[in-house]
Amino acid sequence: MRQCLLCEQEFIPPIKFAQIFSLKNFRQPKICFHCLNQFEKLTGNRCSVCSKMMEQGIICSDCKKWQKIYQGEVLHNSALYRYNSAFHDLMVAYKRRGDYVLREVLQELSWDYLSKTEFDYYIPVPTSPGHQVKRQFDTISAVYGDIVSLTPLLAKKEGSHAQGEKNKEERLKTPQSFFIDKTIKIKENIQTGKVLLLDDIYTTGRTLYHARDCLKSRFPGMHIESFSICR
Amino acid sequence: MEDLTLLSGRQWIINQKDSSTLEDCSKVPVIENGLCNRCGSKVECKLPSGKLYCRACIGLGRANEGDILVRCQNASQFSKLPNGGMTWNGQLTTLQQKISDNLVLNFKQKKSSLVHAVTGAGKTEMLFQLIAECMKNGKRACIATPRIDVVNELFPRFEAAFAEIEIGKYHGREYQEPNLDQLTICTTHQLLKFYEAFDLLVIDEVDSFPYVGNDQLHFAAKNAVKKDGVRVYLTATPTEDLLEEVKQGKIEILKLNRRFHGGLLPVPREKLFIKPFLNKKGQIHANLLAEVKKVVKSEHPLLIFVPRIEQIPIYLAALKKKLKDNNVKIVGVHAQDSQRIEKVAAFRERKYDILLTTTILERGVTFKNVWVIIVAADDPIYTAASLVQIAGRVGRAKEDKTGLVLYCYHRYTKNIRSSIKQIKGMNK
């Protein structure tokens with residue numbers, strides 16, 4: 001019996017067949033079946049660039065805009081879940097209230113996918129220093145740091161507002177606020193390395209494109225993709 | 001220095017580095033010995049720094065180990081109005097008056113009470129003279145209840161009854177600046193923000209979710225009342241822990257076994273089902289349908305309770321299909337429904353014949369002449385208290401004192417038996 005991190009009810013985690021015979025340690029589920037089902041997986045027809053679910057078509061309207069702005073150099077983003085109300089509630093509890101332990105729920109949602117990826121560098125999107133002091137943790141690194149080895153190459157300037165508090169137009173107009181943290185040691189091969197940018201939610205793409213711009217200005221040969229749990 | 005008069009009786013968290021002078025305030029560490037001093041919960045989760053934080057009351061702002069809980073304890077001053085600011089001049093029945101007098105007497109003697117009154121006894125009116133007594137002495141009172149709906153229903157009634165008193169209304173769905181009110185009406189969750197604030201704390205519907213069995217809210221209720229303050233509990237179905245306190249002589253039980261109109265409580269009829277209420281094709285059980293049709297024919301509005309929100313649309317579709325020839329208007333309502341208030345109001349005005357719902361409408365609501373069917377009364381979601389409350393929706397009007405309460409079940413449960421025993425017991 002375990003207690004679900006979200007609904008606090010006791011539940012019995014399902015036992016997988018492979019688990020019985022495997023010598024490996026399996027991650028124990030942190031949330032119950034019912035709560036897990038509240039999170040909607042991205043399925044069916046999806047945007048080939050950013051993974052957004054669509055009725056029809058190959059590229060979503062957001063990505064078409066980025067295609068214009070960046071002359072075709074779009075950022076490929078993998079996402080796993082739809083940003084529905086259950087996810088919204090989870091993110092409010094995790095980020096706004098600062099319920100640190102909920103990072104384990106986000107890990108549960110992304111662990112299987114992320115641990116199978118093979119990139120040279122995993123770079124988390126940073127949070128503003130002010131928020132971090134208040135929360136006493138970094139929301140993105142706290143989730144992904146246990147799954148892959150992180151290279152926190154990006155830093156964020158003070159005084160930038162949270163994206164979550166803005167509407168779509170304001171989000172798109174947000175100026176660049178990332179810079180390269182020069183104190184981080186890097187190896188030679190980063191110039192042409194394969195990099196995965198890590199964020200929690202992809203809404204307009206503004207944040208992740210800024211992060212890529214910042215990296216590209218310093219390392220033009222870098223191959224950059226991104227990952228967000230939600231789209 | 002800040003003016004703290006409006007925060008009298010409240011508690012809040014400040015950072016360790018915050019050095020503002022707070023007069024008449026006591027300070028305690030918010031996390032102490034692995035327990036949260038604000039909500040009493042055990043604290044187990046840690047931040048990366050290794051410091052503990054409380055998850056249980058995180059909705060009020062995170063309490064971190066090392067933070068300070070400030071409790072404002074300056075003496076609040078209220079004017080002593082001769083009649084306690086009461087503008088109500090209605091009439092109580094003899095039985096109601098007896099309870100009301102007892103409450104006033106117990107308050108004067110600083111004795112806590114438990115009012116065990118049947119559903120539809122008119123509990124709110126019995127509180128008026130008690131509140132007036134408290135206000136008259138310039139003292140502070142709070143009426144707390146677990147349900148937001150009940151707060152919203154109580155507030156206008158007290159506003160009308162105490163036109164000369166400033167009343168505060170607080171619950172989690174609407175933001176309200178903290179104010180110093182002589183009378184506060186709020187949810188039991190809001191009590192977490194108070195410390196030794198009230199001379200009188202009334203908790204209405206003590207047996208209902210989420211207060212019942214919730215240690216955090218019991219802790220809050222204990223802390224919110226002054227050391228020499230008086231507690232009053234109101235319920236139609238007292239819980240074991242309260243009855244235990246009665247036995248130990250800590251609180252006095254006041255019983256009211258008659259509804260204000262003098263009629264008996266309708267005793268539920270039970271009906272055993274062998275096959276499922278809905279078969280695999282989504283068709284409704286013929287006997288259940290027959291019962292629904294009987295009510296429709298009698299021209300009473302019908303409340304149908306189902307255990308889970310997800311089942312509402314399924315039953316709704318099944319019933320609509322079967323009853324479409326009878327020209328019956330059906331609607332479903334649940335806790336997250338954005339049109340909840342409108343739908344309930346429309347049902348009250350008889351714009352619908354049948355309302356499908358869950359336990360959210362089990363208490364605090366009155367529909368004239370309504371009859372009730374509980375589908376799957378054996379479901380664990382229905383406690384004995386819930387069942388008594390649901391049955392209590394029927395026969396509340398003076399002109400129509402009886403009616404149908406039907407339990408449909410597959411398995412006769414302890415809760416079904418206990419609820420019927422309680423209802424019969426109150427009718428004796």
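Reader: Is B:Asn327 buried or exposed?
Author: B:Asn327 is exposed, because it has 8 C-beta neighbours inside 10 Å. The cut-offs: a residue is buried if 20 or more other C-beta atoms lie within 10 Å of its own, exposed if 12 or fewer, and partly exposed in between, with C-beta atoms placed from the backbone.

Reader: What should I know about the model and the numbering?
Author: This is a predicted model, so local features need pLDDT of at least 70, side-chain atom pairs count only at pLDDT 80 or more, and totals for chains, interfaces and linings use all residues. Residues are numbered from 1 along each chain as its sequence is written, while chains are lettered from A and ligands numbered from 1 in the order in which they are written.

Reader: Back to B:Asn327. Where is it?
Author: B:Asn327 sits in the loop between helix 7 (311-322) and strand 18 of chain B. Helices (H or I, at least four residues) and strands (E, at least two) are DSSP runs, numbered from the N terminus. Phi of B:Asn327 is positive, near 60°, and the residue is not a glycine.

Reader: What about A:Gln136 and its phi?
Author: A:Gln136 is not a glycine, yet has a positive phi of about 70°. A:Gln136 is in the loop between helix 6 (129-135) and helix 7 (139-144) of chain A. With 15 other C-beta atoms within 10 Å, A:Gln136 is partly exposed.

Reader: Which residues does the cis peptide bond join?
Author: B:Phe209 and B:Pro210, with omega about 0°. B:Pro210 lies in the loop between strand 13 (198-204) and helix 4 (215-224) of chain B.

Reader: New topic. What is the strand order in the open sheet of chain B?
Author: The order is 16-21-20-17-19-18, six strands with parallel pairing. Two strands pair if DSSP finds at least two bridges between them.

Reader: Which strands stand at the edges?
Author: Strand 16 (269-272) and strand 18 (330-332) of chain B. Each has a single partner strand, so one side of each is left without a neighbour in the sheet.

Reader: How many bridges join strand 17 to strand 20 in chain B?
Author: Four, between residues 302-305 and residues 371-374 of chain B. B:Leu303 has B:Val372 as its bridge partner in strand 20 of chain B.

Reader: Which domains does chain B have?
Author: The assignment gives domain 1 (5-72), domain 2 (94-256) and domain 3 (269-338 + 346-421). Those bounds come from an automatic or database domain assignment. The centres of domain 2 and domain 3 of chain B are 31 Å apart, taken over C-alpha atoms.

Reader: How many residues of domain 2 of chain B are in contact with domain 3 of chain B?
Author: Eleven residues of domain 2 of chain B are in contact with eight residues of domain 3 of chain B. Contact needs C-beta atoms, placed from the backbone, within 7 Å.

Reader: And how many residues of chain B are in contact with chain A?
Author: Eight residues of chain B are in contact with seven residues of chain A.

Reader: Where does UniProt put "domain: Helicase ATP-binding"?
Author: UniProt's unreviewed entry places that feature at residues 104-256 of chain B. UniProt positions are given in the numbering used here, feature names are shortened, and annotations may be inferred rather than shown by experiment. Residues 104-256 of chain B are 33% helix and 29% strand.

Notes
Two residues are in contact if their C-beta atoms, placed from the backbone, lie within 7 Å.
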